[in-house]
Amino acid sequence: MASTFNEQFDELGSWRREFALRLKLLAEWMKDHELLDAAVEERLKRLETQVRSDKVMVAFVAEFSRGKSEMINAVFFAGYGRRIMPASAGRTTMCPTEMGYDPEVPPCLRLLPIETRLQPQALMEWRQAPEKWTRIDLDVNNPQQLALSLEKVSETRKVTQEEARALGFWHPDTPQDNPVVDAKGMVEVPKWRHALINIAHPLLKQGLVILDTPGLNAIGAEPELTVSLIPQAQAVVFILGADTGVTKSDLSIWREHLITDPTNSDARLVVLNKIDTLWDALSTPQQQAQQIARQKADTASILGLPPEQVIAVSAQKGLVAKVTKDAALLEQSCLPVLEQALGRGIMGKRQRILGNAMAQGISELRAETSRVITIRKRDLAEQLHELKGLQGKNASVIKHMRARIAEEQAEFDRGGAKIHAVRSVHLRLLREVFELLGSKRLKGEMAELAGALQQKGLKIGVKKAYAQTFDRLRANLSRVQSLSAEIFSMLGGTFKQLNTEYSFSLQAPPEPQMGRFITDLDAIEASHLQYLGLGNAFKLAQPEFADRLVRALATRLRTVNESALAEIELWSKAAAAQLDAQMRERRKNFSRRIEAIDRIHQAAGGLEERIAEFEQQEVGLDQLEVKLAELTSYLVAARDAGDYQPSVDLAIG
């Protein structure tokens, strides 16, 4: 039987821990053998951080009362023997709720008051202000207390229509989306804007993040949720009612919030929940199966998805079956089919992405380190040749040899000015890159866009303003690509000259490609287009909503720029560290050569001993090269979680 999502996540977690441990041991081994220069150390740290902290977010999206929270209980928390997330009849999750694990924070529920919407800060900025959140400590060993505490995400409060409008829940121009007005003229809105749950659940500890979203009205009122959190989720589970199929509001959520990036549609799973409502004594099992099959086919057709991406389940029966250990009911609920789809599709895809990133990083690291070993072997061979040439020679010849080496060393040191000039040009070009992708440039772009959105009345030209903003951002990345190519060309020419003059083996690392960051910009732009049509014209006319939209956009764009800058910085460090390493090795070589000549000159018989010593060092370098290949080859081969082999010996001394 295929692995469930939980089982595949466990396998991925085991692989990640094993991989991170081997990276740490590799770093220690390299340090012991003086192979750990600044660039290699930086690369190792980044790889270890990436593999240890890699997160997998699964977002559950639906209209109200489709069973999102019950499905989360059934798939992830059945082990508690009861419901953990509130899943009673009616509206349950009233605010976006993230469940994850941070070992630096005790188990708790943090709630951001809804009133923070009246202030200009983006949600990401509020995350950096923990004192503004209401915190409730959780007892993870007490399921009843845990479930009772988490009911707070369902809390609401009554406000006037004017307050509801200011908070983003009341729009006079779209009355069909407004909450019901009670006898006192008040309307019900969520009490909290966002909830963060931090508990040491086994899956959450391994990097799983679960996002439980409220219904359409709340989603539309929080731009950061739809332009940042949901698009970045590795999987989105869109839940419909099996008895109703795709309703008008369901279709609105799908078109406006979930299908903004058609190239990533395979990360969307559609679930027809509550198939138990179709079980009745007047229909045969065959008739029930046919009815469910028709609903799945119709749903796939309406949403434009392959039929295999539509799954029919009963989350409630699946939860009951897991708690009561009823295997027959669990199979009838079809919950294992959903778990297998999550495991096979989402986890499999995540494993490949992470594994390929690790394999590429390890291969580059091995190439950089092998180059250092090659330099040492070449320098050692030159020294051996030099010493063997002294066999049978008198003291005068040996003294002349020492003088020649000292002159070579002095000439090499004089060449430092040329290398300093190369570094100056390199840094000048890098400063231009950092200016293009820096926070000052991005703030300017966002200020210009905010100005366009703050115009009074309907924002007729807003689409053009957005398009021009993204065109400029893409142009910045294209310019960075050109500058990177210029740096690469300059380094290539200089390295070639240094290789000729000093017998170095420098090789300029290929410049980073900005294409994937431009693709990220395209996806972000697409996720914002939903807000630029006539359907959202009245929302955009509200200054507070437009401001939140720009701030949410700025937060995500900053992440793209920072990622691009980090890649440029690592590439630049790799090139500089390569030059530093070879210069350092050359200086060591001069010192070793002079030391060897001095020892030979001072001690009779020292020549043969020194030659024997160098020959032994040659053998040691060969062994070092073999060990490096062995250690890195294992890491490259084990890039897929399926290759996890805990029985392999970890001793790499």
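In which helix is Gln 582 found? Gln 582 belongs to helix 21, residues 543-602; helices (H or I, at least four residues) and strands (E, at least two) are DSSP runs numbered from the N terminus. The model is predicted, so local features need pLDDT of at least 70 and side-chain atom pairs count only at pLDDT 80 or more, while totals for chains, interfaces and linings use all residues. Residues are numbered from 1 along each chain as its sequence is written, and side-chain values use heavy atoms, with hydrogens and water left out.

Gln 582 counts as buried because its relative accessibility is 1%; buried means under 20% relative accessible area, exposed over 50%, and partly exposed in between (1.4 Å probe, protein chains only). Apart from neighbours within four places in sequence, Gln 582 is in contact (heavy atoms within 4.5 Å) with Arg 371, Ile 375, Phe 504, Ser 505 and Leu 506.

Nine strands form an open, mixed sheet in the order 4-3-7-2-8-1-9-10-11, two strands being paired if DSSP finds at least two bridges between them. Strand 4 (134-137) and strand 11 (310-312) are at the edges and have a single partner strand each, so one side of each lacks a neighbour in the sheet. From one strand to the next, the twist averages 20 degrees.

Within this sheet, strand 9 (residues 235-241) and strand 10 (residues 268-273) pair in the parallel sense over six bridges, and Leu 240 stands opposite Leu 272 in strand 10. Helix 10 (residues 248-258) packs on the sheet, where it touches strand 1, strand 9 and strand 10, and its direction makes about 165 degrees with that of strand 9. Such angles run from 0 to 180 degrees between N-to-C directions, and axes are lines fitted to C-alpha atoms, for helices over the stretch in contact.

In the loop between helix 9 (223-232) and strand 9 lies Gln 234, which is buried at a relative accessible area of 19%. A polar atom of the Gln 234 side chain lies 2.6 Å from the backbone nitrogen of Met 57.

The axes of helix 17 (residues 439-453) and helix 18 (residues 462-502) come within 9 Å and cross at roughly 170 degrees. The two helices are therefore roughly antiparallel, a term for angles over 145 degrees, with under 35 roughly parallel, 65 to 115 roughly perpendicular and the rest oblique.

Conventions. A polar contact is a pair of N or O atoms within 3.5 Å; within protein, one must be able to donate a hydrogen and the other to accept it, and residues adjacent in sequence count only if both atoms are side-chain atoms.
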